[in-house]
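Here is a short report on one protein chain. It starts with the whole chain and ends at a single residue.

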Amino acid sequence: MSIVGTRVVRREDRDLITAGGTYVDDLRVEALSGAAHAVFVRSPIAHARIGGIDVSAAKEAPGVLGVFTAADLGLAPHPSGPLLEPWLAGDVVRYVGEPVALVVTEERYQLADAAELVDVDYEPLQAVATIEAALAAETLLFPDHGSNIVQVNGAQEFDDGIFADCEVVVTQTILNQRVAPAPLEVRGAACVWGEDGRLTAWLSTQNAQMARSQLAAGLGVGEESVRVIAPDVGGGFGAKIGADPEATVLGWAARQLGRGVRWVESRSENLTAMTHGRAQRNTVTIGGKRDGTVLAYRLDVVQDAGAYPRMLLLPMLTELMAVGVYRFPKVETRSRAVVTTTTPIAAYRGAGRPEATAAVERAMDRFAAEIGLDPAEVRRVNFIRPEEFPYQSPTGASYDTGEYAAALDKALEAAGYAELRAEQRRRRDAGDPVELGLGIAAYVEITGGDGGGESGRVDVHPDGSVVAWTGSSPHGQGLGTSLAMLLSDQLGVPLEKITVRHGDTDEVPNAVGTFGSRSLQLGGSAIRQAADEVIAQARELAADLLEAAPDDLELDAGRGVWQVRGAPSSTVLSWAQVAETSGEGKLSADVWFGGGAPTFPFGAHLAVVEVDTETGKVELRRIIAVDDAGPIVNPLTFRGQRHGGLGQGAAQALMEVVTYDEDGNPTTATLADYSFVTAAELPDFELVDMATPTDRNLLGVKGIGEAATIGSTPAVHNAVVDALSARGVTHLDMPTTPIRVWAAIEEARKGSEQ
């Protein structure tokens, strides 16, 4: 029996639960013995000209080793889209939390007092805290650029003629609000230069190799002069891709001081200065026939990029996935990205694709309501059909496989959809103040779409143990267990004899890393390919030992032995015996898997909510989820990843939002203000299995990391709006908090009275 597809407890968890992980702040390695401590002085003002920075008092404070500003660094600014972003602000600050100075002390407890002595002369400028203010352009963040718009993509002018044949046309503007990644482990780094002139940097990062490239470029040294190590990483969600600018400044300071420097931010720093996600304003227009057929769809995206446009790919990904699971005959998309005096936006849990799904799924619900048809039926009418795959979408995505109608049917059947609708009608007929809402979302996600491959190496040692190196970099997903399971199944070696290593650029020089749900389909395929090469090497060696032709040998993966095919009772050889005969002292294969094209996992979710129309209170009662990511390596890990995605999606729909006041001051800078989801707000998830393999990688698998998030966010949001539709509420921006729900009910009531 194959171990793949069985429930295996994650091997990573024992140490994490018992001894605890070793994160950046836990490092006690010899190289960092006596390392100094650092803190960044950050701007308390959203937009201001810096008149001067006086560090004299800070330099005299107890334990201070150095106080550094932009004038000290001598490093060229790093590109941020079409603009340049300083490592430390020297002339102008553009968001609350932007670093303006670095203070280094002997002991950590000395940091706060010394940092308070850095005197910055701020000359306030007008804040540009919203998309609307950025487009109005009364104040420009970068006057030399001439505009707050930093990127335009897609159609410059829309053609209203695409809706000419439509019997019904609906337009709506949707806010996909700004959210904070809020990983359990905040950002941290430790840097030290060796006597050989090389920098070693320990970072909380999702991809050590990308971080190495960024550090080398920022510091003006060759990549061979930088080693990056990622120890245990307590969550990333896309926000820890590569190295943040702070890491480069720390590397510079360590070189300047000639000793190691450590930095770990506070939770408040993390909420204000780590990149945020989402922050899109989407205007959707959808038109079609009264029988439910959609004829045309338009998506107009405005992306709030924050103060520095670090990732302008996000709105383009929203455009790419604009049509979702539907075969719309006519489609138009456009995106604009603007800068605001807020924390920069970058990748977060789906990076542009959840925004596309939220927009099109909200549009489908509005269209269904306008023509008076059930939203499930309208979706069925417009799904891309199974026989149309592979399917080239009008926005440029090449979908591999899809059974969209089957996924929706499974979700509705598991939920008891007909009975739920009957209960909803009963409550409305009885005038029950607690409305029942049903929200549907069908989704498709692009995973592994970055265009890169991944590295993998497998060594079999003379004691029969196996060590694998992967370019993927897990940070809580359980990837190490999944890769060990693949190797155990392929080689017949017990799990306890397999070690998976990652996250050190000296051990794995070439890699892409973990983001975009790429790890198993690309990193796993690389490990599979390396294992295949090891098997080929072993076959030749075993053939010599058994005095047989290589083609006559087979690996009995059930027992982990080599034998002559068709003669199981003959002499057998273990992996240890074969590896002993290798001239290299081990069997080894180091590969680069570059043949994988993007895959498109899909699914359908149904959310059930109750809304008290007298108080605005929303209770999420059920989430029924079908998530198809192809064949499953470890159902236990798969289930856990779905739980995480469903919880985050519900949290965005109901709770999480980063807000600023009109002066650009963050009003959600602590976890007391930023509503973080807990188990108390979530129901037991009802998971329905479905697995459609792909032919785009060696394992037939697709990514899953963000997929559940992509489906659950619009499902929960649609459920709340569905509950309120009987009260005249047809639109409600996320998050659907009690105060927003109550305000929408009051607005609808006043409108009906008028």
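The overall figures come before the local picture.

**The chain as a whole**

The model is predicted. The chain holds 19 helices and 30 strands. Its C-alpha atoms fill a box of roughly 90 × 75 × 45 Å along the principal axes. For 754 residues, a compact globule would have a radius of gyration near 27 Å; the chain has 28 Å, so the two agree.

Buried residues account for 59% of the 754 residues. Take the contacts between residues at least 6 apart in sequence: 80% of them join residues at least 24 apart.

| Property of the chain | Value |
|---|---|
| Accessible surface | about 28400 Å² |
| Share of that surface from carbon and sulfur atoms | 50% |
| Positive charges | 63 |
| Negative charges | 103 |
| Separation of the mean positions of positive and negative charges | 4 Å |

**Ile 527**

Where does Ile 527 lie? Its place is helix H15, which spans residues 519–546. Is Ile 527 buried or exposed? Its relative accessible area is 1%. The cut-off for buried is under 20%, so Ile 527 counts as buried.

Which residues does Ile 527 touch, leaving aside those up to four places away in sequence? The list is Gly 456, Arg 457, Val 458, Ala 468, Trp 469, Thr 470, Leu 483 and Leu 487. Ala 484 is 43 residues from Ile 527 along the chain, and their C-alpha atoms are 9.5 Å apart.

Definitions and conventions: Residues numbered from 1 in each chain as written. Predicted model: local features only at pLDDT ≥ 70, side-chain atom pairs only at ≥ 80, totals over all residues. Heavy atoms only, no water. Helix = DSSP H or I, 4+ residues; strand = E, 2+ residues; numbered from the N terminus. Buried < 20%, exposed > 50% of the residue type's maximum accessible area, 1.4 Å probe, protein only. Contact = heavy atoms within 4.5 Å. Rg over C-alpha atoms; globule rule 2.2 N^0.38 Å. Areas by Shrake-Rupley, 256 points an atom, 1.4 Å probe, with all protein chains shown as cover. Lys, Arg positive; Asp, Glu negative; His and termini not counted. Charge placed at Lys NZ, Arg CZ, Asp CG, Glu CD.
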